[in-house]
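The exercises below are to be worked through with the sequence and the model in view.

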Number of protein chains: 2
Amino acid sequence: MHTVIRKATRADLPQILAFIRALADYEHLSHAVQLSEADLERGGFGPRPFFECLIAEFEGRPAGYALYFFNYSTFRGQPGIYLEDLFVLPELRGQGIGKALLRRVASEAVQNHCGRFEWSVLDWNQPAIDFYHSQGGQLMDEWRIVRVEGEALTRLAAASGEESQ
Amino acid sequence: MHTVIRKATRADLPQILAFIRALADYEHLSHAVQLSEADLERGGFGPRPFFECLIAEFEGRPAGYALYFFNYSTFRGQPGIYLEDLFVLPELRGQGIGKALLRRVASEAVQNHCGRFEWSVLDWNQPAIDFYHSQGGQLMDEWRIVRVEGEALTRLAAASGEESQ
């Protein structure tokens, strides 16, 4: 095949930003994309990097990306990998590029002594769920993410210190 | 009140390990706890720390802990905090210690320019869900975590390189 997967560098920032925007557009969530190239540089290539990124090239040109970070399981006593974004350009799908990215992130997990590799899926996206099952993924059916953001986060944080000390 | 919340140090490792075991015991998951003090030290205090930890002290003695790490939202272009464990000794509940820990983690999120603060809850744990709602949390109802671990992770990783390059 003609897919090469490599770690992203600072030079890829404009391409990663374009991919993130294309992913948001594909999900009809363009309005939700707030990040700039400077944000992305600070997040991934600053003194305290919050993520790592892989670029897939197909026949010599950028075809997709995988963006992930490490989490930690206290029960296992091991880190894990959480895959935040996986994207392949619509016109290049069906070539195994997404699968190659997924497997490469799994390989990063094994090389970094991770016990788990996780990501999220919408519960109504059955084709995706079927594909993930075929790749060895299991759905954590009983668990739900709770999120606090915006004003609610500011309020919750402001309450800190009222009780402590 | 008499609750003090402070960052954990290496000296707290035996206490954190005891708390993690107590949490597992409370969840009837003691058999799932595989970590040693050395694992915990490597994970939290090594050259590449995977988590941060807060200790709550009530009337001068350790009463609970919160263990969290940073994730990243590409749409926001900001890190977030994911709370892995929150635990208060059963005999010290009802004193606001858990709430104080939760608020302090929210405060860490705000101080670190995070856009989100997240954690997980079992979908049948209605008292917990009600409490989280009261604290400003929203349930991400449509999303499910997919997890690959153990043999399945090894297999997925081994398939990497077959296609790429």
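Angles under 35 degrees count as roughly parallel, over 145 as roughly antiparallel, 65 to 115 as roughly perpendicular and the rest as oblique. The model is predicted, so local features need pLDDT of at least 70 and side-chain atom pairs pLDDT 80 or more, while totals for chains, interfaces and linings use all residues. Residues are numbered from 1 along each chain as its sequence is written, chains are lettered from A and ligands numbered from 1 in the order written, and side-chain values use heavy atoms, without hydrogens and water.

**Exercise 1.** Determine how α1(A) and α2(A) are oriented to each other.

*Solution.* Step 1: the axes of α1(A), residues 13-26, and α2(A) come within 10 Å and cross at roughly 110°. The axes are lines fitted to C-alpha atoms over the stretch in contact, with angles from 0 to 180 degrees between N-to-C directions. Helices are DSSP runs (H or I, at least four residues) and strands likewise (E, at least two), numbered from the N terminus.
Step 1: α1(A) and α2(A) are therefore roughly perpendicular.

**Exercise 2.** Identify the residues through which α1(A) meets α2(A).

*Solution.* Step 1: with contact meaning heavy atoms within 4.5 Å, Leu13(A), Pro14(A), Ile16(A), Leu17(A) and Ile20(A) of α1(A) meet Glu37(A), Leu40(A), Glu41(A) and Phe45(A) of α2(A).
Step 1: by class, this contact of α1(A) with α2(A) has 7 nonpolar, no polar and 2 charged residues. Nonpolar covers Ala, Val, Leu, Ile, Met, Phe, Trp, Tyr, Cys and Pro; charged covers Asp, Glu, Lys and Arg; the others, Gly among them, are polar.

**Exercise 3.** State the confidence of the prediction for chain A and for the complex.

Step 1: for the complex, the predictor gives an ipTM of 0.93 and a pTM of 0.94.

Notes:
pLDDT = per-residue confidence, 0-100.
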